[in-house]
Amino acid sequence: MDTCELDPACRTLMGIVEDSEDGHLDRPTPCEGVSVGQLLQHIVGLTLAFRAAADKELGPLTDTPPDAGGWPDLEPGWRDALHEQVPRLVTAWCADSAWEGMTRAGGVDLPGAVAGLVALDEVVLHGWDLARAMGREYTLEDATAAACLEFIETFDPAGTPGLFGPAVPVAEDAPVLDRLVARAGRDPRWAPS
């Protein structure tokens, strides 16, 4: 896998963030019971945690399970935080050393190569979630979607608490992005009501 694979996914994510408006913040997302604002704050947290994981900067950012107290409320300064943190996340994962050896994320020790895939998967799926919540299309290169799908297929299709809901059935010949989001427990046809 290209060690800078996060770059296009992060650029797509930031394009969606740029289009967000205050009126979007209370909208529902494909993550049941989660608003756009809560999802954005979750993304703020994951960009910090996975940058630290890439840099092997083990400590509070890597030791704490994500959203242990539930989905967070949106905090002031979230937009500036993402403008600063997303490029730092990309830079950190462009280093070969990020993908080597062991690291930690969410309080779990794991190989750097796995942590990088988790980071990519989080950016892609939550980018899709945000786009859908705002009524936008989400585009992603098939190769990136396929890498995420291959990773997600290592998990139980019945769902993994804290990560993925039960897989949603889709046609075997559905576009790879639809198969990815469906395998992650999202309905590819989801739209805000």
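A residue counts as buried when its relative accessible area is under 20%, as exposed when it is over 50%, and as partly exposed in between, using a 1.4 Å probe and protein chains only. The model is predicted, so local features need pLDDT of at least 70 and side-chain atom pairs count only at pLDDT 80 or more, while totals for chains, interfaces and linings use all residues. Residues are numbered from 1 along each chain as its sequence is written, and side-chain values use heavy atoms, with hydrogens and water left out.

With that in hand, take Lys 56. This residue is partly exposed, at a relative accessible area of 29%, and sits in the loop between H2 and helix H3 (60-63). Helices here are DSSP runs (H or I, at least four residues), numbered from the N terminus. Most residues other than glycine have a negative phi.

Gln 41, by contrast, is part of helix H2 (residues 36-54) and is buried, with a relative accessible area of 10%. Setting aside residues up to four places away in sequence, Gln 41 touches Pro 72, Asp 73, Leu 74, Glu 75 and Trp 78, where contact means heavy atoms within 4.5 Å.

Trp 78 leads on to H4.

How do the axes of H1 and H4 cross? The axes of helix H1 (residues 6-19) and helix H4 (residues 78-94) come within 10 Å and cross at roughly 170 degrees, which makes the two helices roughly antiparallel (angles over 145 degrees count as such). The axes are lines fitted to C-alpha atoms over the stretch in contact, with angles running from 0 to 180 degrees between N-to-C directions. Residues making this contact include Leu 6, Cys 10 and Leu 13 of H1 and Leu 82, Val 86 and Trp 93 of H4.

Finally, the largest nonpolar core holds 56 residues, and Leu 82, Trp 93 and Leu 180 have the most contacts inside it. Such a core is a set of buried Ala, Val, Leu, Ile, Met, Phe, Trp, Tyr and Cys residues joined through side-chain atoms within 4.5 Å. H5 gives the largest share, 11 residues.

Definitions and conventions. Angles under 35 degrees count as roughly parallel, over 145 as roughly antiparallel, 65 to 115 as roughly perpendicular and the rest as oblique.
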